[in-house]
Amino acid sequence: MASAMLKRTAMMKSIAGSLRASRAYASLAVGTDLVSAAPDVSLQKARSWEDGVSSKFSTTPLKDIFKEKKVIIFGLPGAYTGVCSAQHVPSYKNNIDKFKAKGIDSVICVAVNDPYVLNGWAEKLQAKEAIEFYGDFDASFHESLDLTIDLSGALLGPRSHRWSAYVVDGKVKILNVETAPSEFKVSGGEVILGQI
């Protein structure tokens, strides 16, 4: 088991090293209007399959998520992955009362996953009451913001970078993007809580 973990760690370090050299922080920046940057994009709120069928597989336009609201949004590589499950989501869940005390209307997790996987993951983490989970099933939201990353080397395919933002009425006021998907230095709940 230790041998497998060492191999996995070496693989992730190799992937992270190649990504650091190629990452461009072009599209998303402080001041970006998320609705304008991704005008035709909708997200899928985490839900059971039955809820998906009964809602006719509805999606949520970005304007409905951000308009006239103060939102903390964070993106991560994927449901059920190591850092995402053990550190990233808990850093927001454990601080939800502090976010609400600062006037935050909602804390949102978005990942390149379908809404059914995200629903199961949110339930497993017991985070569904604190955090809204949205699926970006085809990565169109993250592609519009230049936040996609190819994690095929880890058998994940195209995914989201690890990031966080404070958004007021659709406009990005604070933005934090990790330099590698395995890092957890600037995108956690405690960091952005200290910035708002």
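In what order do the 7 strands of the open sheet stand? The order is β2-β1-β5-β4-β3-β8-β9, and the pairing is mixed. Strands here are DSSP runs of E with at least two residues, helices are runs of H or I with at least four, and both are numbered from the N terminus. Two strands count as paired if DSSP finds at least two bridges between them.

This is a predicted model, in which local features need pLDDT of at least 70 and side-chain atom pairs count only at pLDDT 80 or more, while totals for chains, interfaces and linings use all residues. Residues are numbered from 1 along each chain as its sequence is written, and side-chain values use heavy atoms, with hydrogens and water left out.

The bridge partner of K70 in β8 is V168.

From V168, turn to β9, where K171 stands opposite. Strands β8 (residues 163–168) and β9 (residues 171–177) run antiparallel and are joined by 6 bridges. Their hairpin has 2 residues between the strands, and D169 takes a positive phi near 50 degrees there.

**Helices on the sheet**

**C84**

Within α5 (residues 82–93), select C84. The UniProt annotation "active site", from an unreviewed entry, covers this residue; such annotations may be inferred rather than shown by experiment, and their positions follow the numbering used here, with feature names shortened. Is C84 buried or exposed? C84 is buried, because its relative accessible area is 0%; buried means under 20%, exposed over 50% and partly exposed in between, with a 1.4 Å probe and protein chains only. Leaving aside neighbours within four places in sequence, C84 is in contact (heavy atoms within 4.5 Å) with L76, P77, G78, V89, P90, W121 and R162.

Select S36 in helix α2 (residues 34–37). S36 is exposed, with a relative accessible area of 55%.

**Aromatic pairs**

The structure holds 7 aromatic pairs. Rings of Phe, Tyr and Trp (its six-membered ring) pair if their centres lie within 6.5 Å; planes under 30 degrees apart count as stacked, over 60 as edge-to-face and the rest as tilted. One of the pairs is W49 with F57, tilted, at 5.2 Å centre to centre and 55 degrees between the planes. W49 is partly exposed at 49% relative accessible area, and F57 is partly exposed at 39%. F141 and W163 form another tilted pair, at 6.5 Å centre to centre with 40 degrees between the planes. This pair links distant parts of the chain, with F141 in helix α8 (residues 140–144) and W163 in strand β8, 22 residues apart. F141 counts as buried at 0% relative accessibility, and W163 counts as buried at 0%. Finally, select W49, F57 and Y116, which ring pairs link into a cluster.
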